[in-house]
Structures are given as C-alpha cells and as structure tokens.
Amino acid sequence: MTMKTRDFAAICENEPAKERTAHAIRTSTLPHALLLCGLKGSGKHSFALQIAAAQNCENRNSENTAIPCGICSCCRRILSHNHPDVKTLGKTSGKATIGVGELRLFREDMFLSATEADSKIYIIEDAEDMTPQAQNALLKVLEEPPRGVYIFLLAESTDKILSTVRSRAQLLRMQPIPDAALGEWLKASVPEAKRMALASPDRFGSLIRFSEGRIGRAKELLDPKTLELREAENAVVSDLIEAMRTRAPYTELYRAVQSLPQKREPLCDALELLLIAVRDMIVCTRAEAGTLFFRDSEEAAAAAGRIGERRLGAISDAVSAALDDAGKYVMIPTLLADLTYRIAASGSNQIER
Ligand SMILES: [Zn+2]
C-alpha cells in the first residue's frame, strides 16, 4: 500500500493529483494553467480552492507543514472566498455560455498587479461552456501568462474545450471515490455523517451508494430532504424493475410507470436512474462490470436473468425515447403512456384483453 500524502488533507482520495500538485507548489513549478476535470459533485471546486490556498500559503516552504496549512491568514481568506487575488468566473444565471465579453474583462484583470498575494488565481467554472470566441480570448493569456497569474479551468468533460486550450493546461482528472473510502472520509469530516452512520447504518449505506463516488453529491445527500427524494426515486425505479422482472400484469406495470414523478425535471432524473439500472443489467454479465444502481453485479444479474437480454435492449430504447421526449416538451401523460406501452410491447408484460 502506498503512503498517502498529508498535503491537501481536505480532499478525499485522488492521491496522484494531490501529490503531483503539492510537489509542483513546493518546488515553485505549478503550471500556469490547470484543467480540473470531473463530474458534477466530484470535488473539483474544493480542489481548485485548496490549490489556490496552497500556492499562496504562508507556510508552503516549511518542510513540517502540510499544505495548505489552513491556519495562516492567506489560507483562511482564500478558503472562505474572501481573498482579493482569487477570482472566480462562472455562467451568469440564466445563461448557457460564458461569452467573449465576460472573458475579456476577466483577462484585463489578469494584467493588473496582485493586491496582496504572490500569485493571482483565476478560477473559471463550467469552462466547457465558454464560447469558442471566449476560449480564443483566453488562449492569449495561456500562451503568455502574465507574471504570477494562474488559471484553473473547471469542466465536467474536455470535449467542448478547444484542443489549443487543452494542450496549454495540465489536466487533473477527479477520480471516482470507492464507497468504503467515501464513507470513512465523510464520517471523519462531517459530524452529521458520523451521526447518521451510527444511528442508521443502512441509510448511510444507501447514501454512499447514491453518491456514485462523488464527494459533493454525498454532501448534498446529507440533507435529509434530498436523501428522502433520492430514496423515493430509488423505490419507484425498483418497483418498475420488479414489475418487468416478475412479468406483472399490464395494470401493475401501468401503476408502476404512473408513480414516476409527474414534473419534468424530477421525471428526467428518475428516467436517467432507470436507464442506469437497465444498463447495469445489460453489462452485468461482462467481467469487471461495476454497477451504479444495483449493489453489485450479482444483484443486477439476478434481475436481468428474468427479463432477458433482448427485452432489456428494447426497454433501454424505450426509456431513452422517453428521456428524449421529456427534453422535447412532449406532454407528460402522453410520454408515460408511450413508455408503458413500449415496455409492455417489449414482451415482459402481458397486455390483458
Ligand atoms: Zn496557509
């Protein structure tokens, strides 16, 4: 087993990225541009802020101190979003993209000298939503970064980032956290998590599973209301799978589909979860297949066995079509009726005459 770095102790797992970044900071070789890539809730915001703090930490040259120290004035202000030299750019509410105008203002600021710290840090959230023009405007500073300026791009995926931008930033990919490590980390660092794990271990187990290896998602689910919603969603999807698995009569399948949320956004979430469950069942026979909805591949295989591979394919198509329809503003009752019909027609449920 490898030794864990003590730097970036606030970040769960992700040892290689933590080690590499800490080494770069201690040797004053932090790249001027980082691209932190990871799904929503995977911890890239926290890591960006931690790197910003470490880079400006008053104790970063001390051999005996982990970075960021978290107690010097720089660390404290950066970590509480109160430092004039750490700035964040994100999408303005209601907008789908970050435009070239916003980027130019941000860029102008980079050429002003730092207020207090040695390094000025610019964090760009949703970097994949920068328009190509905005990315080109950014490219100029990536090619010749002003002294002491560091740019952290945060993105869910690198697909929409221009290759010219990508090639000038060092990629740090947030890794999914194994369930056991996520549970331990939460219990050790969040008091509510520790309480829940003691009071209702089963519920805490579900929370960890629902988090899909993402620390931010796990923290959201510590809110009892959010967890209840997610539990309800899980129950609805489980009922639906049960109706398919047992080849329940059409009326029962109809009832199970009708228990899906009737509002568009939660409906999409539930359909996505159903799709994940169906995919689990489709891939569970392959070696090394991890599951996201089911506890493990045996559980997924047990459910899949009764439904059959061909029907699972048809069901997957039906759910994908329903998700598409939800995005196209098809009326929800129509969409649910279609979904029920297509699942039934896939052969798993008899239409009663
Ligand atoms: Zn510090």
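Predicted model: local features only at pLDDT ≥ 70, side-chain atom pairs only at ≥ 80, totals over all residues.
The protein chain as a whole is divided into domain 1 (15-173), domain 2 (178-222) and domain 3 (228-348).

- The lining of the largest cavity is made up of Arg-209, Phe-210, Glu-212, Arg-230, Asn-234, Leu-292 and Phe-293.
- Helices α9 and α11 each contribute at least two residues to the lining of the largest cavity.
- By class, three lining residues of the largest cavity are nonpolar, one is polar and three are charged.

**The contact between domains 2 and 3**

- A distance of 26 Å separates the C-alpha centres of domain 2 and domain 3.
- Six residues from domain 2 and nine residues from domain 3 take part in the contact.
- About 730 Å² is buried between domain 2 and domain 3, and 48% of this area is on carbon and sulfur atoms.
- Arg-209, Phe-210 and Glu-212 account for 73% of the area that domain 2 buries against domain 3, more than any other three residues. Arg-209, Phe-210 and Glu-212 are also among the residues that line the largest cavity.

**The largest pocket**

- The largest pocket holds about 780 Å³ of space. Its lining comprises 23 residues, of which Arg-217, Arg-230, Glu-233, Asp-269 and Glu-272 are the closest to the centre.
- At least two lining residues of the largest pocket come from each of α10, α11 (224-245) and α13 (264-283). Helix α11 gives the largest share, six residues.
- The lining of the largest pocket consists of 10 nonpolar, three polar and 10 charged residues.
- Arg-230 belongs to the lining of the largest cavity and is also one of the residues closest to the centre of the largest pocket.

**The second largest pocket**

- The volume of the second largest pocket is about 250 Å³. Among its 17 lining residues, Lys-40, Gly-41, Ser-42, Lys-44 and His-45 are the closest to its centre.
- Domain 1 (15-173) and domain 2 (178-222) each provide at least three residues of the lining of the second largest pocket.
- Within that lining, α2 (44-56), β4 (149-155) and α10 each supply at least two residues.
- Three nonpolar, six polar and eight charged residues form the lining of the second largest pocket.

- The buried residues in helix α7 (residues 179-189) are Ala-181, Leu-182, Gly-183, Trp-185 and Leu-186.
- These buried residues of α7 pack against α8 (191-199), α9 (201-210) and α10 (215-221).
- Val-190 is located in the loop between α7 and α8. Val-190 has a relative accessible area of 12% and therefore counts as buried, the limit being under 20%.
- Val-190 and Glu-233 are 43 residues apart along the chain, and their C-alpha atoms are separated by 25 Å. Glu-233 is one of the residues closest to the centre of the largest pocket.

- Gln-50 is part of helix α2. Its relative accessible area is 10%, so Gln-50 is buried.
- Residues up to four places away in sequence aside, Gln-50 touches Phe-8, Ala-10, Ile-11, Pro-68 and Leu-79.
- Pro-68, one of the residues that Gln-50 touches, lies in the loop between α2 and α3 (73-79).
- The peptide bond from Ile-67 to Pro-68 is cis, and its omega is near -10°.

**Positive phi in residues other than glycine**

- Glu-13 has a positive phi, near 55°, and is placed in the segment before α1 (15-26). Its relative accessibility is 23%, so Glu-13 counts as partly exposed.
- Ser-28 likewise has a positive phi, of about 55°, and occupies the loop between α1 and β1 (33-37). Its relative accessibility is 65%, so Ser-28 counts as exposed.

How values were computed: Residues numbered from 1 in each chain as written. Heavy atoms only, no water. Buried < 20%, exposed > 50% of the residue type's maximum accessible area, 1.4 Å probe, protein only. Helix = DSSP H or I, 4+ residues; strand = E, 2+ residues; numbered from the N terminus. Contact = heavy atoms within 4.5 Å. 1 Å grid on protein atoms, 1.4 Å probe; cavity = no way out; pocket = protein on both sides within 12 Å on 5 of 7 lines; lining within 4 Å. Points joined across faces, edges and corners; volume = space filled by probe spheres on them. Nonpolar A, V, L, I, M, F, W, Y, C, P; charged D, E, K, R; others polar. Domains from an automatic or database assignment. Buried area = accessible area lost by both parts, 1.4 Å probe.
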